[in-house]
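Colleague: I would like to learn how to read a model, one feature at a time. Can we start with the strands?

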Amino acid sequence: MTAAALLPRLRRKRSAMPGLGLTLGISLLWLSLIVLLPLSTVFVKSAGIGWDGFWQAAGSERAMAAYRLSFGAAFVAALINLVFGLLVAWVLVRYHFPGRRLLGAVVDLPFALPTAVAGIALTTIYSQNGLVGSVLAPLGLPIAYRPAGIVIALVFVGLPFVVRTVEPVLEQLSKEVEEAAITLGATRRQTFLRIILPAIAPALATGFSLAFARGAGEYGSVIFIAGNMPYRTEIAPLLIITQLEEYDYPGAAAIAVVMLMISFTMLLVLNALQVWQRRRSA
Amino acid sequence: MSIRVEEVSKRFSTYPALAGVSLEIVDGEFVALLGPSGSGKTTLLRIIAGLDFPDSGVIRFGDRDVTDDPAAKRGIGFVFQHYALFGHMSVARNIAFGLDILPRRARPARAEIEARVDELLKLVQLEGYGERYPAQLSGGQRQRVALARALARNPRFLLLDEPFGALDTKVRRELRDALRIIHDEIGLTSIFVTHDHEEAFALADRVAILNAGRIEQFAAPAEILERPASPFVTSFVA
């Protein structure tokens with residue numbers, strides 16, 4: 001069935017932008033094939049073991065600890081990225097200096113680098129004998145094989161999301177609006193807090209959501225630096241892999257379902273917040 | 001208060017935007033800076049406002065040398081061509097912005113600020129629009145809000161950069177008349193930039209005609225029409 005048949009009412013009205021039926025149809029088909037179909041098998045698989053089995057696998061102490069760690073670390077990392085990602089975007093947009101393009105390219109490296117490579121490199125640096133770890137460990141701040149190490153890995157993979165979503169919005173911010181604030185007597189701080197920050201807040205929220213979602217599902221870079229101790233430094237994606245290696249496919253699927261639900265709910269809430277914020281200011 | 005511009009020069013990378021401009025504007029006067037694009041009129045206005053700084057020369061407000069004072073400290077009101085309203089704030093908060101950001105000691109009480117906002121809304125004939133957002137207003141209404149906002153802190157000078165440039169003819173004329181009335185009512189010294197000589201002559205007490213970073217003539221409209229000081233002035237006002 002085509003989307004046009006599903007949406008007869010939208011068809012009848014003449015629109016200045018034709019093609020809704022066709023493009024929406026293709027979009028739905030595409031999203032179904034690429035996203036929804038694979039994800040639905042996860043639900044089907046986990047349903048095979050019934051409610052009791054499901055909760056035994058997905059609701060165990062060990063799984064609970066893993067969810068807390070995955071989402072908690074992703075949240076902290078996204079917060080850190082919010083601050084420093086904004087700073088990097090600010091520098092890239094506002095100032096012109098030699099090496100600016102190079103710095104811009106460096107920001108994208110976490111996108112391109114195999115995450116395992118990043119994980120191994122970070123572990124090397126932050127372990128007790130590593131370049132940074134050997135300085136921090138004697139101060140009572142061990143990073144590697146601790147939740148802190150997981151946060152660092154997630155900061156690494158999430159940084160480009162914040163920088164790349166905030167950058168274009170910051171670029172479009174009119175200079176006149178800032179100058180208006182200044183001529184009205186505002187200090188730099190007031191201009192930033194009252195004028196610039198509210199204007200880029202939706203972009204910041206988007207960057208935060210993306211970095212958070214990416215961090216919650218991240219596997220490759222984290223497993224090297226985490227230490228992977230059950231209950232303490234074992235992330236949820238790793239727990240899924242562990243179940244798979246023990247041929248407990250429904251159990252793995254059950255944990256995946258819980259992660260999906262949590263992620264989806266959080267992204268929905270963040271989106272709703274943004275819509276609300278935009279309505280208020282439109 | 002009077003404004004004195006003494007031998008001000010400014011270069012942008014290679015070409016000179018202003019080449020030794022001097023100008024004296026008396027208290028309460030309404031002056032137009034008129035010239036083709038690239039003549040340096042906007043640069044001159046921005047230097048007076050403190051949004052740009054001259055390479056050489058002095059700006060005086062009264063007897064005080066304000067050349068190095070930042071814009072925030074000059075006690076000016078500035079109106080931008082594209083309104084530059086704060087999109088995330090209501091009309092009332094836009095107008096109150098200059099008062100809301102004052103340090104606690106200097107800030108008027110909440111009720112006083114709201115009274116001031118109402119007074120300004122009335123002045124620009126936008127009573128009852130306080131709770132709207134800039135996106136819900138027409139171009140002419142937005143520029144009225146920008147004007148009210150610029151006046152909120154009782155500036156000594158009102159500086160306007162092509163204030164009618166983005167508006168259609170009818171709205172332009174209405175706003176022009178409104179501006180003249182407001183100027184006469186408050187009696188503050190005002191300078192506006194325009195490239196439209198009819199507008200300049202209709203509105204200003206005196207008009208400074210700029211060309212290539214120099215002032216060709218600074219006189220009352222009638223005198224410019226009777227005795228143009230240079231062939232450029234003759235052709236520009238023709």
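Colleague: Which residue of β5(B) stands opposite Phe61(B)?

Modeller: Strands in a sheet pair through backbone hydrogen bonds, parallel or antiparallel. Here Arg64(B) of β5(B) is the residue opposite Phe61(B). The strands are β4(B), residues 56–61, and β5(B), and they pair in the antiparallel sense over 2 bridges. Two strands count as paired if DSSP finds at least two bridges between them. Strands (E, at least two residues) and helices (H or I, at least four) are DSSP runs numbered from the N terminus.

Modeller: The model is predicted, so local features need pLDDT of at least 70 and side-chain atom pairs pLDDT 80 or more, while totals for chains, interfaces and linings use all residues. Residues are numbered from 1 along each chain as its sequence is written, and chains are lettered from A and ligands numbered from 1 in the order written.

Colleague: In what order do the strands of that sheet lie?

Modeller: The sheet is open, has 4 strands in the order β2-β1-β4-β5 (chain B), and is paired antiparallel. At its edges are β2(B), residues 15–25, and β5(B), residues 64–65; each has a single partner strand, so one side of each is left without a neighbour in the sheet. Helix α1(B), residues 41–49, packs on this sheet and touches β1(B), residues 3–12, as well as β2(B) and β4(B). The direction of α1(B) makes about 120° with that of β1(B). Such angles, from 0 to 180 degrees, are taken between N-to-C directions of lines fitted to C-alpha atoms, for helices over the stretch in contact. Contact means that two C-beta atoms, placed from the backbone, lie within 7 Å.

Colleague: What is the order of the strands in the sheet with mixed pairing?

Modeller: That open sheet of 6 strands in chain B runs β6-β7-β8-β3-β9-β10. Its edge strands, pairing on one side only, are β6(B), residues 76–79, and β10(B), residues 214–219. Direction ignored, neighbouring strands of this sheet are turned against each other by 15° on average.

Colleague: Which pairs can I trace in it?

Modeller: Take β7(B), residues 157–161, and β8(B), residues 189–194: they run parallel and are joined by 5 bridges. Asp161(B) has Val193(B) of β8(B) as its bridge partner. An antiparallel pair is β9(B), residues 206–211, with β10(B), over 5 bridges. There Leu210(B) stands opposite Ile215(B). These two strands form a hairpin with 2 residues between them, and Ala212(B) in the turn has a positive phi of about 50°.

Colleague: How many helices and strands does chain A have?

Modeller: Chain A has 14 helices and 0 strands. Its C-alpha atoms fill a box of roughly 70 × 65 × 30 Å along the principal axes. Of its 282 residues, 33% are buried. Buried means 20 or more other C-beta atoms (placed from the backbone) within 10 Å of a residue's own; 12 or fewer is exposed, and in between is partly exposed.

Colleague: How many residues of chain A are in contact with chain B?

Modeller: 17 residues of chain A are in contact with 19 of chain B. On the chain A side, α10(A), residues 175–183, and α11(A), residues 188–217, are the elements that give two or more residues. α10(A) gives the most, with 6 residues.

Colleague: Why does Phe97(B) count as buried?

Modeller: Because Phe97(B) has 23 C-beta neighbours inside 10 Å. Phe97(B) is placed in helix α2(B), residues 91–100. Setting aside residues up to four places away in sequence, Phe97(B) touches Leu184(A), Phe86(B) and Arg149(B).

Colleague: How many residues are in the largest nonpolar core?

Modeller: A nonpolar core is a set of buried Ala, Val, Leu, Ile, Met, Phe, Trp, Tyr and Cys residues joined through C-beta atoms within 7 Å. The largest has 134 residues, and among those with the most contacts inside it are Ile150(A), Ile225(A) and Leu159(B). Helix α9(A), residues 147–172, gives the most to this core, with 13 residues. Beyond its neighbours within four places in sequence, Ile150(A) has contacts that include Leu69(A), Val222(A) and Ile225(A).
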